Amino acid sequence: MQQKPRINIIGAGISGLCAGSYLQMNGFETHIFEKHSIPGGLCTSWDKGEFIIDGCAHWILGSDKGSGFYHMWSELLNLESIEFHHHEIRLSIELKNNVDKYGNKVFHMYNDLNRLRDYMLDLSPEDEKVINRFVQDIRAIQAFDLPPKMDKLPMIPSIVRGIKMSRYLKFLFILNKQRKVTNYDLAAKFKSPFLREAFELLYDGQKFKMLIFNFPQAVFDKKSAGYPIGGSLAWAQKLAEKYTSLGGTIHYNTPVHKILTENNQTTGLLVRNKVVHPCDAVLSTADWYKTVFEYLEGKYVNDKLLKLKDGKIMDVYYSILLVSFGLKKDYKEYPHFFRFPLDKKLESPCGTSWERLETHFYHYDPTLAPAGKTVMACSFYTTNGQYWIDLRKNDRVKYRETKAKFVNDLIDRLEVKYPGIREDIEVTDFATPATVLRYTNNWQGSAQGWLPGDNIIASSPVKFKLPGLKKFFYASHWGRPGGGIPVAINQGRDVAKLICKEFKKEFKTTKA
Ligand SMILES: Cc1cc2nc3c(=O)[nH]c(=O)nc-3n(C[C@H](O)[C@H](O)[C@H](O)COP(=O)(O)OP(=O)(O)OC[C@H]3O[C@@H](n4cnc5c(N)ncnc54)[C@H](O)[C@@H]3O)c2cc1C
């Protein structure tokens, strides 16, 4: 019997697990090398006392039957066995300066578009035109299934190809149009001061392209982006089970130090304890920077990759400070996702400060806390994750003290909104960008690879192949700005297709 080609994969994050499963389905022998003791990478959760702290998924694209992503996930998971929670309200925003006509200062962003439109019309009938336009823009995105199924496009010019192509171009046209409008542009159009302030505060006062808001809203209304009960690690573990059931092997606690090459072709991996694992090709799904500049020593680069390293092409996605609490009450009377102003701003020594706070109660997932209790998380975005990374590296005692002070300052502010919460805290957890780097190696502690910039439909310069290197492939959330779990499965599937092509195999999938 002919031997199966062997692919060594770096990383058991979502990209690596998905790519591994697709390759197993297509007659490859694959081995995943993972530095951590568990699968998932960034898509993870961890135990703290009797609570489970979730470090990732608030929603996963593809929870609605029939959509492109549902179809894709169904190749790897039995989605019917997973319970998805769909929030009634996406986000509640407390305003600082205005109240609605009923005297409320909280604006509710309903996920159901009709309900959202009726709610806004009730608050401000004189803004009917703007409200309808806002809803229509979101509905325009809904007309397209994502990702557009370009792989099914007939190659030979035909009427079908023409129709499909024109739909795709229309989609690009809509994206292009919406990416020019910011939340401030939209806010300025409302006559109602309440709606105006609410839209200015969509991102805590920051200016963002409306497309970044509209796309999730389009999928929430369709119930396409639910939260999987059980959380992030449970999701990753299901993918790992699928991979091993297909015959794949995961080597945990096995960091890769070098990608070995001969005559500009990969030959294997050098892992911990100087062990070499030979193979026919290498697929890295680990951090792009470490892959290109450490494991391959920067030997296979082009001008674009060098500029990327120097921050000249794209910005790295924010790092996150994630402070979570295990609470002895369930706090069900409070919205699950709430943003509100602070009397006194919260400052981080990394140079970032916040005048508003975001609380996220997980009371809708009973698997994360014992009955009657819940987990609450506050996340803070920073562009200076390096501060925390350096602090931990250079002064562990000061790192711990700084974390403790930040948490204490945070609880002081939470007390104002949730009186008595200090007493209800049973456990505290604080994951910094240093934590992200330590556990997953993601460059600068980034949470989602590259930040989508002004051109949010731009592709990433980190491609599936590196210049001048044969039998090497790369795929991860660094492959498309914005990252996220859907990008990871997409990357894993597409790179598996490319590997099949190079090994002259026809790509096929089976249903889970
Ligand atoms: C706080 C937070 C919230 C998020 N929320 C969401 C959300 O709601 N929805 C969503 O879609 N996405 C969300 N994301 C983003 C999402 O988690 C990531 O984009 C996605 O999981 C990336 O998967 P990946 O496999 O490409 O990369 P990674 O998860 O980084 O996987 C890479 C893997 O490679 C391993 N590795 C690295 N170096 C080596 C080495 N030398 N040797 C061996 N193994 C190595 C790492 O340990 C890791 O397991 C969130 C992320 C964070 C941090």
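In the predicted model, L269 stands opposite H277 of strand β13. The strands concerned are β12, covering residues 265-271, and β13, covering residues 275-278, which pair in the antiparallel sense over 4 bridges. Together β12 and β13 form a hairpin with 3 residues between them, and in this turn N273 adopts a positive phi of about 60 degrees. K274, which lies in the loop between β12 and β13, likewise has a positive phi of about 60 degrees although K274 is not a glycine. Because K274 has 8 C-beta neighbours inside 10 Å, the residue counts as exposed.

A positive phi is also found at Y331, where the value is near 55 degrees in a residue other than glycine. Y331 is placed in the loop between β15 (319-327) and β16 (337-347), and with 19 C-beta neighbours inside 10 Å it counts as partly exposed.

Helix α4 comprises 15 residues, 128-142, and at 1.5 Å a residue should span 21 Å; the C-alpha atoms at its ends are 21 Å apart, in agreement with that expectation. Within α4, the residues V130, I131, F134, I138 and I141 are buried. These residues cover an arc of only 105 degrees around the axis, and they therefore lie on the same side of α4. The exposed residues E128, K129, R133 and Q136 are carried by the face of α4 that is turned away from its buried side. Such a pattern can be read against the geometry of the α-helix, which has 3.6 residues a turn, so that residues three or four places apart point the same way.

The domain assignment divides the chain into domain 1 (6-42 + 233-313 + 453-502), domain 2 (102-222) and domain 3 (319-443). Between domain 2 and domain 3, the C-alpha centres lie 30 Å apart.

When neighbours within four places in sequence are left aside, L239 is in contact with I14, L17, C18, L76 and L77.

Finally, K209 is located in the loop between α7 (193-200) and α8 (210-221), and because 19 C-beta neighbours lie inside 10 Å, K209 counts as partly exposed. K209 and K501 are 292 residues apart along the chain, and their C-alpha atoms are separated by 38 Å.

Technical notes. Residues numbered from 1 in each chain as written. Predicted model: local features only at pLDDT ≥ 70, side-chain atom pairs only at ≥ 80, totals over all residues. Pairing = 2+ DSSP bridges. Helix = DSSP H or I, 4+ residues; strand = E, 2+ residues; numbered from the N terminus. Expected span 1.5 Å × (residues − 1). Buried ≥ 20, exposed ≤ 12 C-beta atoms within 10 Å, placed from the backbone. Arc of directions from axis to C-beta. Contact = placed C-beta atoms within 7 Å. Domains from an automatic or database assignment.
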